[in-house]
Structures are given as C-alpha cells and as structure tokens.
Amino acid sequence: MHDLIQKLTALPWDQAPQWLFLLPALLMLLAAAAAVMLRNLIHCALCLTLSFIALGVLFIALGAEFVGFVQLLVYVGAVTMLILFAILLTPASEVAASNNPFRAFQLSKAINAALGGGVALLVLAGLLAAIFFSPHAREAVPPAVAATAPAKAIGENLLNHTLLPLQGTAILLTAALIGAALLAKEERPS
Amino acid sequence: MNLPGSGIFKGMAVTALNFVGSFFDPKREKRLITEQYPEERPTLVETSRSFPFLIFDNDPETGIRCVACKICEKECPPQCIYIVQDKDANGKAIRRPAIFDIDISVCMGCQICVEVCPFESIRMDNIYEVSSYGRFGDLVIHKNQLLKSNEYYRQIHPTEAAETDARIEAARIKKAAAAKAAAEKAAAAKAAKEAEAKAAATTTQPEQPAQ
Amino acid sequence: MNFLENLPLAAKQLVLDLVEWICKWLCAKTGVTPPDWLIPALLTLVSILIVIVAILGVYLAMFALMSVAERKILARMQNRYGPNRVGFFKWRLCGLFQPVADGIKMLTKEDIVPRGADKIVHFLAPVVMVAPALMLPAIIPYGRGMIPVELSSGILYFFALGAGTELAVFMAGWSSNNKYSVMGAMRAIAQMISYELPLVMSAVIAALVAGTLSPVGIVEAQGGYAFGLLPKWFVFTPWGFAACVLFYIGALAESNRCPFDLPEGESELVAGHLTEYSGFKYAIFFMAEYVGMFAINGMLVTLFLGGYNAPCPFLEWIPSWCWFFGKLAFLAFTMVWVRATLPRFRIDQMMEFAWKFMLPMSFAALISAAAWHYAGRGAQAWGISALLVGVPYLLLGYFCFTRRHSANNRPYLFSE
C-alpha cells in the first residue's frame, strides 16, 4: 500500500496538460475516421458531430474559451442539424450498382482503395510538411493569450481591424437567409 | 385598444383567482368537487350494473331460484358462465346447480343472461371493488359468492326488485288460481263422477220391488 | 445577518477543514509523508465534489418538489385537489412524497427497446440529453461569491450547451424507428431552433448593457439602488422588460412547456420523440427537461431579475441565496400558471410567432437598449428607449395578429 502511494505520487503529474490535449485529439481523429468509414449515414453524421465536440473541447483546453463555445454553439447546434436534416430529407442514397454512372471508371476494389489511400497520404504529408517547416514550429506553446477577457479582445479586433470582412460576411449570410426562404416558399396558385 | 398579449393576462387573472379561491373560498367544498375515494364512495345510479349474481329467497340452501336450466350459459356471448346440475343421493338430476361459476374477467355486463332467465334467478349486481392480485383464475366467482338474498336485491335495485316481486307474485297468484280452478274442476269432476256412480247405483235399485 | 449569508460557504469550508484534518490524522497514523502538492490537490478535488454534490442535490430536490407542486398547483387552478395521498408512514403530508412513488414506478418499469430501433443511438439519446442539462447550472451565481465555475464568457457556455439538447431530441426521434417519433423530433427541433434566436438575442441585450458576458458581472451591474430605494434590475427598464418577456417565452419554448409543448402533447403525436422510451430512460428525459427549465429560469433571474440582489435596502437582511431561490421559485410558479391558462400552440402558429413577432421585437429591444445606453441613461434615454420598444410592439401586434386574424382576413389553408 505504501509503495503504491509512492508510485502514484511519483508519476509525472505536471505533464497532465499534454494528456489533456491528447485525449480530445485522439477522440476527434477516431470520430472523423469513423465518420468516413461507417455504413449508416446518420451514424456518420453523429460521429462527425462527435469530432466537432472534441474540437470544441480542444479549443477550451488551449485557453480559447470563446472560440470553443462558439464552435459548440455553431457547429453542433446548427451545422449538425443542417447535415442531419439534409440526410433525412433527401431520398435514400443507396444507388443500385447498375445505375451508377461512374461504373466505367471503377477498376477494382483493391486499386480504388490503394488510390484513395495514396491521395490521403499525400495530403497528410503536405500538411505535416507545412507544419514542420513553418517558422513557428519549434517554439514552445505560448501561454493563454487572452487571460482576462477573450470576448472583449475578439470583439475589439473584429470591430476595429477586420470590420470590412465582418460586414461582408453579414451581407453574405443575409443573402443566404433570403435565398433559403425564397427556395422554401411554395408557389401559390394565384 | 387590444394590445397583443392582453388576453393572456386576462386568462392568467382568472386562473389566479381560481387558485386563490380554492384555498380561501368559503364555498370551496362545493367548488372542489373531487370525491376522496376510499373515504367517500360515489353514489351510483339505480340502474348501474357490473356483474351478475344469483338470488335466493329465504335460505341459501333451499331458496335458490336457479334450476340449472343452462339457458344463460348458452346465451352468454363471451361464454363466461359454467353450470353443472346437481344430483341427489340416487344420482338422479335435481333442479339445482351444483357448480355455478362466472368468470368476471370475461363477463362484459351485457345483461343477456338476466333477460333470458325464465326463473328470475340471475340479476346484475353493482359491485366494483373486485380486483385481485392474481391474473389467472382469481376472477372466477363461485356459487356461494354469487348467491345473494332477495333483500339485497331490493336494496340495490328497488324498482327492478319491486317489478320482479310483483311479477313473481302475479305468477304465483295465477298459478294458485289455476290450481284452485283445476282443483275445483277436479272436485267437480269427482263429484259429478260420484253423482253418476250414485245415480247408476240408484237406477239399479227400483228394479227389485217390481217383483 | 452575515451569518446566514455566509452559511453555505461556511459549511463548505467546514467540510474542507474536516477532510484536511482526516488526511493529516491518517498521515500521522500510518507514517506516510505525502508530497507537498498532494493535500492541496486533494482539497481542491473535495471542494469541487462538494459543490457538484450540493448543486445536484439542490436541483434534484427542486425537480422532485416541482413535479408534485406543479400537479397540485395545476389542480388548484382547475378546481380540484392534486395528489394528496402519498405520505410518509402514517402521515399524508399533503401528498408531498408523490415523487418518491413516481420515482419507484419509473425505476421498476420494464425498459423496452423497439426491435427495429438503432440500439446505440437509442441508448445514447438520453445521455446526450441529460449530460449538458446537468452541466448548465455551473455558471449561475446563486449568491454572493457562490458560483461554481466563474467563466468570463458564461452566457456563451450556457447557449452552447443548449445545442446539445437539440441533438438529443433528434437522436431520440430518429432512433426509435417510428414515423411519429421522427415527425415529433422534427417539430421539436424546429421549435427549439426558432426560439433559440430571440433567446440568445435577449441574453445579448443584457450582456450589452452590463458590458460583460460573465454572469457575475451582469448581476453586479444590477446591484445598487436608484434614488436609494428602487432596484436597478434590468426588468424595470423598457428594453429590459421586453427582453425579459422574450427570454421568458423562449425559455418556455426551449423546455417544451405549455403552451409550446407540441412535441410532447399526447393528443398530437403520442409522445413525439419520447414515444419509444419507457422506464428509466423516460425518467432521465423528464429530469433533464426539468433541470434545464430550472437552469434557464436561473439564467433569467441572473440576466434580468437582478440575480441575488435584494429589491430594496431594508430587505437586505435576507441572504442573497434566499433571494435567488425565491425569484426562481416565483418564476417556476409562473410557468405552472401559464401552463394552466393557455392552450397549446399549433406548429404553424408557433413558427409564425417566433419568426414574425419575437425576432423583430428582439432586434427592436436591442436597438432600444443601445439607444438607452448611448443617450446617457437619463430621463431622456428612458423615453427614447420606451418609444423604440413600444412602437414596434404595437405595429407588429397589429400587423401580425390583429389584422391577420380579423374575420375577413383569416388564412384558411385547407378548408375550401
């Protein structure tokens, strides 16, 4: 009992923040992989939601509370609903093998898998190269930037430095809203 | 001017008055009309019915009106009645049921057995507290539980009981009158026969003094 | 009375001291010398646990009490008694032990999962519903210095967790393999998303005037008294009153309460997305709904009703946490009151109300609040803001309700 306590207390507890990062990151990767590989579309969408939640947790763990909560609010609350409604409201997407127009381009399952895996590896290699050869790669993780009032800092930045993109985004979203309402409106026979 | 939302406030005022009134209204006994069940039983109307029961006149052993004719068993739509006729010491069937079971989990209270009984012996009861803990067989009522006196019947359905009693009384009077008429007729026939025999005897008598 | 005010914090400190004493005694007894960081870490852990247990205990007790109080209050408003039998041993206690009976009933019911249901999603839907609901009470200030987690963007945390509820409703409806469940879930989600906009806008209004997203900051901004007597709660300002009413209606819609309980109305869609849930899972949904209702009422109290502030200086001897829970109880009572008064909305009436009336009103309240702030918060500012709220209210009311529903203008959609 005594040496159990000794062993427990000798663990590197000050490395805990790294595990805090590792767990959501792992969860996010697994969920994203599941989202691509699962058979049932709704399961895929729900795994994607899990990866969104894990990303939000990552943001919060890194100290960016505002971004983390907004990620949860927007992605889980709105984008997920959008994806789920889109899956539900479109007809069943089990395309029969004979109707598939791309059948001529399919070689065989193994070659398809190899091609897809190759493309994925290329993309991954490119991302890793970009990360490791960028100038900020070898610096230590900076301390939490906005310790006092992140929302205020973000707000000031948005409304002072990046005002034009903000207004542009607003116009874009309004146009999207009007477009969606117009598309959904039924034609009344007059 | 009708502000949007004013209707809601008027409704909420009514509800609030109801709420406060249910505590402080002096007439709240009449206002809250809930019957607290096991302490206050509901008053049933006279024609309410639930399950059948058998009537006996004075004594549960000898006064059973049922003669085990099995008409109600045949006519019952869900077939919930089971009757076995009684036998006397010699094995001869007598007009009394030995077994009379009604499965009240099957009985639907249609009163057809009451309508077809020629002996006014099965009537509808109005009991409703017959739950049991078992699901299979606990709701079969046997003869000794089904037998209830005519006094009980008069208590629960006074008008029907009066009607039935009147009918039975009328039938008895008619039967007695018919029996009396038959007895008189038989007596008259017997007297006529005696008179005839006497006449026959006296007609043979005057033959003798002629010699 | 400072003693009553500090009672919860003092109790927590007492338990912490007790734990520390036990640890030290154990160490002395067994001769183990712990490293320096162990006992403070342990005390932090115990402190967090105390807060969690206290909040969960209070919320679950409120849930139990609310379920029976709602039935009894509804009954009294409908001229009948509510449940008045379940008591403790021989005493009837006005039926206040009814939640115990209800809990036993729900726990002993058979848990039926439909054969064609998606088992994993069907199992996870109550989990996804109740986990965010139980995390909601963490950022509400219950009294002076009594907030479990002090986040600088607490309001945002609150609405981020509300998104979890919608996901859970969808999962529940879809996984039941039942078309009524899916329809109920769709309607429930449409209702929740539509009413979330005015809800968030109203919260933003309060955050705007207080200048901070932190709940403690908003409550402190409503402290103090105008003219030494009147409270400075946001609900007593024109824009604050409008925003409070909008938030209250949004809260009714988010918790699926009457008159917005179309998703769970029995005469509409059996039980909507909850049709295929029985026993403990249904109890979990029920509990999550009530805990969410209390949390959102707590947020209303924080944002508009002054949080734990007393209404006038000579009532300040009542502790701040008493004021908070008193206001919360009053809001719960009004929710039951509204339930007893209003019939249920139809889905198209609900949508129309949210998008055509509540959203423009919330924008009008936002502009009014901004005008109040920038006009200097003086008498002139009050007049301007009252106008900026009152005129849209009358116009919208006329154009959306009075004119449309007048006898010659009523839209009959399907009866030709």
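Predicted model: local features only at pLDDT ≥ 70, side-chain atom pairs only at ≥ 80, totals over all residues.

Trainee: Is Glu70(C) buried or exposed?
Mentor: Glu70(C) lies in helix α3 (residues 38-77) of chain C; helices here are DSSP runs (H or I, at least four residues), and strands (E, at least two) are DSSP runs too, numbered from the N terminus. Leaving aside residues up to four places away in sequence, Glu70(C) touches Arg257(C), Tyr290(C), Val336(C) and Arg339(C), where contact means heavy atoms within 4.5 Å. The scale is relative accessible area with a 1.4 Å probe, protein chains only: under 20% is buried, over 50% exposed, and in between partly exposed. Because its relative accessibility is 2%, Glu70(C) counts as buried.

Trainee: Which class does Pro8(C) fall into on the accessibility scale?
Mentor: Pro8(C) is part of helix α2 (residues 7-30) of chain C. Not counting residues up to four places away in sequence, Pro8(C) touches Met146(C) and Trp321(C). Its relative accessible area is 30%, so Pro8(C) is partly exposed.

Trainee: How many salt bridges are there between chain C and chain A?
Mentor: The contact draws on 25 residues from chain C and 26 residues from chain A. The two chains bury about 2200 Å² between them, with 81% of it from carbon and sulfur atoms; buried area is the accessible area (1.4 Å probe) that two parts lose on being put together, summed over both. A salt bridge is a side-chain nitrogen of Lys or Arg within 4 Å of a carboxyl oxygen of Asp or Glu. By that rule, the count between chain C and chain A is zero.

Trainee: Which helix gives the most to the side of chain C that touches chain A?
Mentor: Two residue pairs are in polar contact between chain C and chain A, both residues at pLDDT 80 or more. On the side of chain C, α6 (154-175) and α7 (179-210) each supply at least two residues. With 10 residues, the helix that gives the most is α6(C).

Trainee: Which residues form the salt bridge between chain B and chain C?
Mentor: Chain B puts 20 residues into the contact and chain C puts in 19 residues. The area buried between chain B and chain C is about 1800 Å², 62% of it from carbon and sulfur atoms. In chain B, Pro4(B), Met12(B) and Phe19(B) lose the most area to chain C, together 31% of what that side buries. One salt bridge is found across this interface, and with its closest N and O atoms 3.0 Å apart it joins Glu39(B) and Arg85(C).

Trainee: How many residues does helix α1 of chain B give to the side that touches chain C?
Mentor: Between chain B and chain C, seven residue pairs are in polar contact, both residues at pLDDT 80 or more. Helix α1 (residues 6-24) of chain B gives the most to the side of chain B that touches chain C, and its number of residues is nine.

Trainee: How far apart are the centres of domain 1 and domain 2 of chain B?
Mentor: The bounds come from an automatic or database domain assignment. That assignment gives chain B domain 1 (52-156) and domain 2 (158-189). Taken over C-alpha atoms, the distance between the two centres is 26 Å.

Trainee: Which residue does Glu120(B) meet in a salt bridge?
Mentor: Domain 1 and domain 2 of chain B bury about 640 Å² between them, 45% of it on carbon and sulfur atoms. In domain 1, Glu120(B), Tyr153(B) and Arg154(B) lose the most area to domain 2, together 66% of what that side buries. The count between these domains is two salt bridges. In one of them, at 3.0 Å from N to O, the partner of Glu120(B) is Arg167(B).

Notes
Residues numbered from 1 in each chain as written. Chains lettered and ligands numbered in written order. Heavy atoms only, no water. Polar contact = N/O pair within 3.5 Å; in protein donor to acceptor, adjacent residues only side chain to side chain.
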